[in-house]
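Hello,

Here is the structure for your files. My notes on it follow below.

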Amino acid sequence: MPDSASLDLRATSKVELHRHLEGSLRLRTIIDLSREAGVPLPGRTAAELAPRALLVSPVDSLEDALAGFAIAQSSIRSYDAVRRIAREAVEDLDRENVRLAELRFSPHFLCEPGGLDWDGAMDAVVAGVHEAVDAGCDVAVGLIAIFSRDYGLESARATVDFALRHHDQLVGFDIAGTEVGFPPRTYRQVLSPLLDSGLGLTAHYGESGPPDYPREAIETLGVARLGHGLTVAQDDAVRDLVVARGVVLEMCPTSNWLTGGVASVAEHPVRRLLRDGVKVTINSDDPGYMGIDLSHEWEVARTEIRFTDEDLRTVTRTAIDASFLPQHVKDRVRARHFVWLGEGR
Ligand code: HPA
Ligand code: ZN
C-alpha cells in the first residue's frame with residue numbers, strides 16, 4: 001500500500017525514551033533562574049542568549065557539544081529551580097502530545113553548581129513532575145538516574161547508591177557523558193548492585209565511540225537499551241548481536257548530526273537498521289539545548305530519512321514495549337492514546 005504522508009506529526013501521540021532533563025531548559029527559564037541566583041549570562045534576552053546557549057550547528061566532537069551545557073547547568077542553583085525545570089519539561093512534552101516519556105538526569109551534574117543535596121534534588125524533580133500532572137498534563141513520566149563518565153568511578157558508585165535509595169521513584173539507570181576512553185567494562189563492578197534492582201539499564205554507547213563499545217555494553221553490562229548506538233551500523237557482527245539480543249537503540253538524529261556522529265541527518269543509519277531488523281526508536285535527546293522537539297525529529301525522519309507512517313508506527317510500538325515504565329501504565333496509556341497504532345506489535 002502506498003504510504004501517503006497522512007499523520008499530523010505534532011498532533012499524533014508520541015513516545016520519548018531518551019530526553020535529558022538538563023537538556024530541556026527553556027531559554028526564558030535559564031534567564032529567569034540565572035537572574036534570581038545572580039549568575040551572569042552572555043546575553044539579556046532569549047535572542048541574545050541563543051547563539052551562546054544553544055547548539056544549532058555541528059561541532060567537532062561530542063566533548064565540545066557537552067561543554068555547551070555549562071550555561072544551562074549553571075542556572076540551576078536551588079530546589080525551586082529543579083522543581084521548575086522538571087515541571088516545564090513535562091509541560092513541553094504534553095504540549096507536543098508526547099504521552100509516554102522517560103526523563104533522565106544526572107544528580108551530580110544537576111546539583112553541582114548550587115551545591116544541592118542529591119536526595120533533595122530527587123524530591124524536587126518528583127515534585128515538579130507531579131505539579132505538571134496535577135495541573136492537567138497528560139504524560140506518563142518515568143525517571144532515569146544518570147551517572148556521567150566524566151565524574152569518575154566514585155561518582156558512579158554514589159549514583160548507583162542514589163538509584164537504589166530512590167528505586168521507587170525511578171524506572172531506570174543510564175551512563176552518559178564523554179564516551180571515548182571510557183569502555184563499558186570499566187563499570188561492570190560498579191553497576192552490579194543494580195542487576196537485581198528491577199531498574200532498567202541503558203547506556204550511552206556507540207554515540208562517538210567504536211562499535212566495540214556497544215558490543216561490550218551488551219555482553220558485559222547486559223544493557224536492555226543503548227543511548228544512540230549509532231556505530232552499531234558500522235559493524236555487521238555487532239548489528240547482528242543487537243538483533244539477536246533484542247537490544248533497543250534510542251536514536252536521536254539531530255543530536256547525532258550536531259555532535260558530529262553523522263555528516264547529515266539524511267545519512268543517519270536509523271532507517272537501514274530498522275530494515276535490518278534492529279529495534280530502533282526516535283528521540284530528541286536535548287530538545288532545549290538543541291532547539292528542537294520530538295515532533296521535529298519525526299519531521300526529519302519523514303523528510304530526510306524517508307520514514308513512512310508505517311515506520312513511525314513501528315518505532316512507536318517498539319518504544320512502548322521497550323519503555324521501563326511498569327506494564328500496567330504502558331497498557332493504560334496505549335489503550336488511551338495509541339489507537340493510531342492499531343493492533344500490531
Ligand atoms: N551524550 C552523552 N551525554 C549526554 C548527552 C549525549 O548525547 N546529552 C546529555 N548528556
Ligand atoms: Zn543523551
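Is His228 buried or exposed? His228 is buried, with a relative accessible area of 0%; buried means under 20% relative accessible area, exposed over 50% and partly exposed in between, with a 1.4 Å probe and protein chains only. The residue belongs to strand E6 (residues 225–228), where strands (E, at least two residues) and helices (H or I, at least four) are DSSP runs numbered from the N terminus. His228 has a positive phi of about 80° although it is not a glycine.

Before the rest, some conventions. This is a predicted model, in which local features need pLDDT of at least 70 and side-chain atom pairs count only at pLDDT 80 or more, while totals for chains, interfaces and linings use all residues. Residues are numbered from 1 along each chain as its sequence is written, chains are lettered from A and ligands numbered from 1 in the order in which they are written, and side-chain values use heavy atoms, with hydrogens and water left out.

A positive phi also occurs at Arg306, a residue other than glycine, with a value near 65°. Arg306 sits in the loop between helix H15 (294–303) and helix H16 (309–322), and at 53% relative accessibility it counts as exposed.

The metal site

The zinc ion (ligand 2) is coordinated by NE2 of His18, His20 and His204 and by OD of Asp285, at 2.1 to 2.2 Å. Donors are N, O and S atoms within 2.8 Å of the metal (3.2 Å for Na, K and Ca); water is not among the atoms, so sites may look incomplete. Angles among the 4 donor atoms run from 83 to 168°, and the site of the zinc ion (ligand 2) is irregular. Four donors count as tetrahedral if all angles lie between 85 and 135 degrees; four count as square planar and six as octahedral if opposite donors are over 155 degrees apart and all others between 65 and 115; anything else is irregular.

The spacing of the donor residues in sequence is H-x1-H-x183-H-x80-D. His18, in strand E1 (residues 14–20), and Asp285, in the loop between strand E8 (279–282) and helix H14 (287–290), link distant parts of the chain, 267 residues apart. Both His18 and Asp285 are buried.

The sheet

An open sheet is formed by 8 strands in the order E1-E2-E3-E4-E5-E6-E7-E8, with parallel pairing; two strands pair if DSSP finds at least two bridges between them. E1 and E8 stand at the edges with a single partner strand each, so one side of each is left without a neighbour in the sheet. On average, neighbouring strands of this sheet are turned by 25° against each other, direction ignored; axes are lines fitted to C-alpha atoms, for helices over the stretch in contact, and angles run from 0 to 180 degrees between N-to-C directions.

Strand E5 (residues 200–205) pairs with E6 in the parallel sense over 4 bridges, and the bridge partner of Thr202 in E6 is Arg225. E5 also pairs with E4 in the parallel sense, over 2 bridges. In E5, 6 of the 6 residues are buried, so this strand is largely enclosed by the rest of the structure. Gly200, Thr202 and His204 point one way from E5, and Leu201, Ala203 and Tyr205 the other way.

Regards
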